[in-house]
Amino acid sequence: MVLLLDTHVLLWGLDAPERLPREIVGQLESPETTVYFSAASIWEIAIKASLGKIDFPYSPEAIAQAARDTGFVELPVRAEHGAKVAQLPLHHRDPFDRLLIAQSLLLPAQLLTADAALVPYTELVRLV
């Protein structure tokens, strides 16, 4: 199984796994599963962290390192990912989510998310 984590699922998986269904935690921990996290998620975390919100205590460097230490695979943002975004319908306007959809389609990988607005894009979107 190949999974790509939406940013909030990445954060939950690393910092609050109790927020995820047991089945998902099992898949994330399984040696049979390749789990990707996108450089776009680290960029999104960096933007949120730079806003200085007290309820967002995450460091992009710490999250990236924790993800690698957990065995998750870093997925760089490639030109083909950016180009694929232009082919997507405008179901959702969030640029990070649109890039993650493009990456999931091109890998291919199931995109784990809690954002139901992403479901219309592809059967690869899996709500948690």
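In helix α2 (residues 22–29), the buried residues are Ile24, Val25, Gln27 and Leu28, where buried means under 20% relative accessible area, exposed over 50%, and partly exposed in between (1.4 Å probe, protein chains only). Because these residues cover an arc of only 160° around the axis, they lie on the same side of α2, the arc being that of the directions from the helix axis to the C-beta atoms. Arg22, Glu23 and Glu29, on the other side of α2, are exposed.

The buried residues of α2 pack against β1 (2–5), α1 (7–15), β2 (34–38), β4 (110–113) and β5 (125–127), with contact meaning heavy atoms within 4.5 Å. Helices (H or I, at least four residues) and strands (E, at least two) are DSSP runs, numbered from the N terminus.

## Nonpolar cores

The largest nonpolar core has 21 residues, and Leu5, Leu10, Leu28 and Ile45 have the most contacts inside it; such a core is a set of buried Ala, Val, Leu, Ile, Met, Phe, Trp, Tyr and Cys residues joined through side-chain atoms within 4.5 Å. At least two residues of this core come from each of β1, α1, α2, β2, α3 and α4, and α1 gives the largest share, 4 residues. A second, separate core of 15 residues includes Leu75, Leu99, Ala102 and Ala109.

## Basis of the model

The model is predicted, and local features need pLDDT of at least 70, side-chain atom pairs count only at pLDDT 80 or more, and totals for chains, interfaces and linings use all residues. Residues are numbered from 1 along each chain as its sequence is written, and side-chain values use heavy atoms, with hydrogens and water left out.
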